[in-house]
Amino acid sequence: MTAAATHRKAEDENKKNGSVVVKMEHLKKSFGNNRVLRNIDLAIHKGENLVILGKSGTGKSVLIKCIVGLVDYDEGKLEILGEDVAELKEKALGELRKKIGFLFQSGALYDSMSVRENLEFPLRRQSHSISKEQMDSLVKEALQNVGLSDAIDRAPSALSGGMRKRLGLARTLILKPEIMLYDEPTTGLDPITSKEISGLILEIQNKYDTSSVIITHDIECAKLTANRIIVLKDGTFAAEGTYSELEKSADAWVRSFFE
Amino acid sequence: MENVLLQHPENEIQETAELSESTSESPADSVFHKFFLEVSSITMFTLRFFKEVLKPPYEFKELMNQSFQIGYKSLPLVAITGFIIGLVLTIQSRPTLAKFGAVSWLPGMVAVSLVREIGPVICALIFAGKVGSGIGAELASMNVTEQIDAMQVSGTNPFKYLVVTRVLSSTLMLPLLAVFADAVGLLGSFVGVNLNGHVSAFLFSSQIFQSLDFRDLFPAFIKTFFFGFAIGLVGSYKGYYSNKGTEGVGKAANSAVVFASLMVFIIDMIAVQMTSLFQN
């Protein structure tokens, strides 16, 4: 085992022992007769990068959308940062949501706004007392973090796919979330840009000590970013472990993801 | 599970719709089912608007921005349409009035027609085409590209920010545009009257003011608020709950115009009946 791998293994152990930031118990979600999530039990630890793999339509996106509240779950218990979501009032839920960042597959940039305005928008919404200077400084810092300082006055439509993803990431990070949810962060990108995005995910984890859930089909991204991997099949967890463990899984179906 | 981070009433309806597909319903039942689902959905949407419009925080900045986009940017189109309607109405009415030797009534007749009915309705239809479809397409496009979801997760209430501001803006802007359309239409009528003779501006305006009274102006003005509300609400509803995909954007824009135009005629019919009832 190399020194880097040993270091990573030790880091993984630390993450496992850290406090739980997201806890799901017997979570279920159906759309009509289609049971998308069946009895999901999951704990995500502080500072951990959890990658969820699975075929399309197995409920990966629904799972993270349940965490952020874009999709209502039917049954079960969901605790975020120690608070039972079902027992929170609307205002408290809004406050809780501020601590969760979500990077959408498409970037979900506001087309009618410039890059600067895209970053200013969440700041204005969440802090009405913020000064122009503070806002400028936060916007510049966020763009610098993702290497987009030169694009500050451009329109989102003038950005490439990779730049849009990075801008989406900057817009999410500007609020300093404690939990990051990534919905297929490298889909549709070339291998070099994908690697850059994976690098950014790691950088964010190290810099801000965020806990992340990463939905991906990109095995390289999973290899680079995951402390732990879960393989989802038909709405349940088919396998769980580190990259190296699952790569050598006895289950041929699980192993097929890594080939 | 009742208390979750976000509520999306359409989710429930979609789920119910999916369930209904699996049961053995006749086509007629299915059409009725869909119709009542749509009616219940738009009713919930309207009730949510009234709930959100009263609840702080208020989005004044976005309201001003939307009023500028919806109102000010519609001025040229409304002006051209109003002028042409006034001009054409005058030119077309002249021969009929001439047969009865009543050409002098032309300014008054055109003014009553324009102010009571044609001005507000034509302006509302133009508004439905431009603004209703614009709101429908914009919100549908935001829905497709997950921008509405992005707003939700960043702690913004997208209904309040996107829907309430647009519906309020169209409710407030259409009456102003209709008054403007009436004024420009009367200018067009003045030009039309002078194409076949000479009538001074003073005489023209005095004939207009003699023929119009409060009972012509007030109901016509009030109904434009309802037109604006219906157009904004329908456009927002169609866009906000559009289907995912580019096809959904086209459908949202198209159905927003069709449904909003239909609503204009229905509201107009009700307004005319109510006005007649009160005036008699």
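Reader: What percentage of the 280 residues in chain B do buried residues make up?

Author: A residue is counted as buried when its relative accessible area is under 20%. In this predicted model, buried residues account for 47% of the 280 residues in chain B.

Reader: Which secondary structure elements does chain B contain, and in what order do the elements run?

Author: One reads the elements from the N terminus on. Chain B has 10 helices and zero strands, and its elements accordingly read α-α-α-α-α-α-α-α-α-α. As for contacts in chain B with a separation of 6 or more, 85% are between residues 24 or more positions apart.

Reader: How many residues of each domain are in contact, and what area do the domains bury between them?

Author: Contact is judged by heavy atoms within 4.5 Å. On that basis, domain 1 of chain B contributes 11 residues and domain 2 of chain B contributes 15. Between them the two domains bury about 1,300 Å², with 70% of that area on carbon and sulfur atoms.

Reader: How is the interface of chain A and chain B to be read in turn?

Author: One may begin with its extent. The contact involves 38 residues from chain A and 27 residues from chain B, and the buried area is about 2,800 Å², 51% of it from carbon and sulfur atoms. In chain A, the residues that lose the most area to chain B are A:D72, A:R97 and A:R125, together 22% of what that side buries.

Reader: Which polar features are found across this interface?

Author: There are eight residue pairs in polar contact, both residues being at pLDDT 80 or more. The rule also finds two salt bridges; one of them joins the side chains of A:K65 and B:E146, at 3.7 Å from N to O.

Reader: Which element gives the most to the side of chain A that touches chain B?

Author: That element is α4(A), with five residues. By class, this side of chain A divides into 18 nonpolar, eight polar and 12 charged residues.

How values were computed: Residues are numbered from 1 along each chain as its sequence is written. Chains are lettered from A and ligands numbered from 1 in the order in which they are written. Side-chain values use heavy atoms; hydrogens and water are left out. Buried area is the accessible area (1.4 Å probe) that two parts lose on being put together, summed over both. Helices (H or I, at least four residues) and strands (E, at least two) are DSSP runs, numbered from the N terminus. Buried means under 20% relative accessible area, exposed over 50%, partly exposed in between (1.4 Å probe, protein chains only). A salt bridge is a side-chain nitrogen of Lys or Arg within 4 Å of a carboxyl oxygen of Asp or Glu. A polar contact is a pair of N or O atoms within 3.5 Å; within protein, one must be able to donate a hydrogen and the other to accept it, and residues adjacent in sequence count only if both atoms are side-chain atoms. Ala, Val, Leu, Ile, Met, Phe, Trp, Tyr, Cys and Pro count as nonpolar, Asp, Glu, Lys and Arg as charged, and the others, Gly among them, as polar.
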